[in-house]
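User: Please examine the strand pairing and helix packing of the model shown below.

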Amino acid sequence: MDDPPRHAAESESLLVTQGGQHGISLALQALTRPGERIAADVLTYPGLLTAASQVHLKPLGVPMDDQGMDMDALARLCSQQPPRLVYVTPDQNNPTGTPLSEARRERLAALARRHDFWIVEDGVQYLPEPERGTPIYRLAPERTLFIFSTSKVLAGGLRIGTLLAPPTVRERLGTALRAQSWMAPPLMVEAVCRWVASEESDVLLEWLIEELGERQRMARERLTGYAISSRPHGNNLWLPLPEGLRSAVFVEALAQRNVLVSSAEPFCVGSEPAPQALRLCLSAAPSRSALTQALDTLAELLAEPPAAPWQTL
């Protein structure tokens, strides 16, 4: 018999969820109590912050750099205000696209054991295997929950995902799932299973990787000279604005031209100040031509920044 895939998981370790956001909510409900602290990158997925608010948790932001979450800063936080869990998107931070280095993945696992906190690893933002690092759940399987979803891979409307969890918390997760919705819709689960097992899913995944790679290339070509960051086949691109420019002004000016982007504000943990930057969701454009038009509009505004409106009382 052939060896199983390197990242394969046993079926009994998986809980079927209604997408990645549902997986986050289940993890927080099962692992935390109201008032406890959780930690994440200082810029992180807004869905985590919303889910944390729903169960009355206190999110703490951990500084990051071009290697991902700063483990020295996390160690200091653990010595002062130990979090109940740490949420990470190690292959590409959302919004910046920054991956967590291999050395920091290993240190995160070590810190989790030393300070007895859980790790919630979000792998919803799919990348081809050569661009992925070692999964955290392989480094600390006894204290890591791994979240995946088909929505970013097969179709946005397929709200089906999986939550990989160690045996010690599976019963708690199952209880939380039954309390919320009893189960993921069986018909949708069956549709996903059949699609994954068919050759069509491989064709779609190949197309997706190629399309995102081309869109990233297009964006980098049109934004040459700016300090952008992204993964070669990621959905998003992070654009820190040049000195003196304000993201709120750009978001509004682009919206007036039917180009929608996000500022850093929704991704900030707690009261951390938002950097002047934009997150571009390259996968959202319905076609390459639409993306080209949007990127050209952005490039024009960057070359001649819009004036910031102001008034006094």
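User: Which residue in S9 does Phe 148 stand opposite?

Analyst: This is a predicted model, in which local features need pLDDT of at least 70, side-chain atom pairs count only at pLDDT 80 or more, and totals for chains, interfaces and linings use all residues. Residues are numbered from 1 along each chain as its sequence is written, and side-chain values use heavy atoms, with hydrogens and water left out. Strands S8 (residues 144-149) and S9 (residues 161-164) run antiparallel and are joined by four bridges; strands are DSSP runs of E, at least two residues, helices runs of H or I, at least four, both numbered from the N terminus. In S9, the residue opposite Phe 148 is Thr 162.

User: Which strands stand at the edges of the sheet?

Analyst: The open sheet has seven strands with mixed pairing, in the order S1-S9-S8-S7-S6-S2-S3; two strands pair if DSSP finds at least two bridges between them. Two strands each have a single partner, so one side of each is left without a neighbour in the sheet: S1 (14-17) and S3 (58-62).

User: How are H8 and H10 oriented to each other, roughly parallel or roughly antiparallel?

Analyst: The axes of H8 (residues 199-222) and H10 (residues 288-303) come within 10 Å and cross at roughly 25°. Axes are lines fitted to C-alpha atoms, for helices over the stretch in contact (heavy atoms within 4.5 Å), and angles run from 0 to 180 degrees between N-to-C directions. Angles under 35 degrees count as roughly parallel, over 145 as roughly antiparallel, 65 to 115 as roughly perpendicular and the rest as oblique. H8 is therefore, relative to H10, roughly parallel.
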